[in-house]
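Subject: Structure handover

Hello,

Here is the structure I said I would pass on. My notes on it come after the files.

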Amino acid sequence: MASEPKTLVMLLDQSEALKLIREQIGTTTTTSQSEPKTAVGVIPGAKKPPAKPLKPRPIWREHQLIGDSIMGRLASYLGHKVPYNREIHSKQLGLITHGQTTGRLIGTLHSANSPPLAPKVIVMIGTNDIAHDTPIGKAISNMKRILAFLSKRCKEVVVLTLPPVPAMEASFENLSKFNTFIKENSVLEHKNIKVVDMAVIFGASTETVKLDLFEKTFKGSNKKDLIHWNQDGIKQVLDALKKVI
């Protein structure tokens, strides 16, 4: 039929016209794969908001708790969860790490990735040094460095002496030397340090140690503990701390 070729020409002409229009306004019939996709509600080129800074933890009465598993259990009693850190194979929260020694704490404090430090702190560290036979001179030297570091950076440092842990009876002599350094030297060298003597609560020797303030066994097993405070022991420690902070 004579009219059919005219219809085809008209359709081709319309297609060419649409193509020319698209080229003039800078669009194509398909989306380029190189064009970045923008999420709905996001302004192109906008900067991501800065990450929220970490806060010192755990905190009790404006003081950050620092130490090993003994302080970890104290934190748990106060309602803080101390999670397991797979990278270090131990429970950790802030500057509390289960199994922590004075040497390890020094390393953490000086690390570029060290957890934030509060203006006021409560620290008890050294039990694992005594338990694992760290030379007492080295343990005292480490403690001196820890206290100097904290004293320089914190407004107030409350230091707990080590309690006479029943499970470490054979190491009581070294424990006594360690505590003597804390009581006699730390306060003299640093004006912003307060000392809370655990001997007043738990006893000062093998003859006077109060076994009823320690956990008899580890939770969920029959393994002997006598290292960590039970709830009665924790309550007495908190009462003693309330008198100085």
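This is a predicted model: local features need pLDDT of at least 70, side-chain atom pairs count only at pLDDT 80 or more; totals for chains, interfaces and linings use all residues.

Strands. Strand β6 (residues 120–124) has four of its five residues buried, so β6 is largely enclosed by the rest of the structure. Strand β2 (residues 63–67) runs parallel to β6 and is joined to it by four bridges; here Gln64 stands opposite Val121 of β6. Strand β7 (residues 156–160) also pairs with β6 in the parallel sense, over four bridges, and Val159 of β7 is the bridge partner of Val123.

Ile59. This residue belongs to strand β1 (residues 59–60). Ile59 has a relative accessible area of 33%, so it counts as partly exposed. Leaving aside residues up to four places away in sequence, Ile59 touches Gln64, His80 and Ala118. Ala118 is 59 residues from Ile59 along the chain, yet their C-alpha atoms are separated by 8.6 Å.

Helices. Helix α5 (residues 136–153) packs against helix α6 (residues 172–189) at an angle of about 30°, and the axes are 10 Å apart. Angles under 35 degrees count as roughly parallel, and α5 and α6 are therefore roughly parallel to each other. Their crossing is right-handed. On the α5 side the contact is made by Ile136, Ala139, Ile140, Met143, Lys144 and Leu147; α6 contributes Asn174, Lys177, Phe178, Phe181, Ile182, Ser186 and Glu189. By type, the residues of this contact are eight nonpolar, two polar and three charged.

Regards

Note on methods. Residues are numbered from 1 along each chain as its sequence is written. Side-chain values use heavy atoms; hydrogens and water are left out. Axes are lines fitted to C-alpha atoms, for helices over the stretch in contact, and angles run from 0 to 180 degrees between N-to-C directions. Helices (H or I, at least four residues) and strands (E, at least two) are DSSP runs, numbered from the N terminus. Angles under 35 degrees count as roughly parallel, over 145 as roughly antiparallel, 65 to 115 as roughly perpendicular and the rest as oblique. A crossing is left-handed if the near helix is turned anticlockwise from the far one by less than a right angle, and right-handed if clockwise. Contact means heavy atoms within 4.5 Å. Ala, Val, Leu, Ile, Met, Phe, Trp, Tyr, Cys and Pro count as nonpolar, Asp, Glu, Lys and Arg as charged, and the others, Gly among them, as polar. Buried means under 20% relative accessible area, exposed over 50%, partly exposed in between (1.4 Å probe, protein chains only). Two strands pair if DSSP finds at least two bridges between them.
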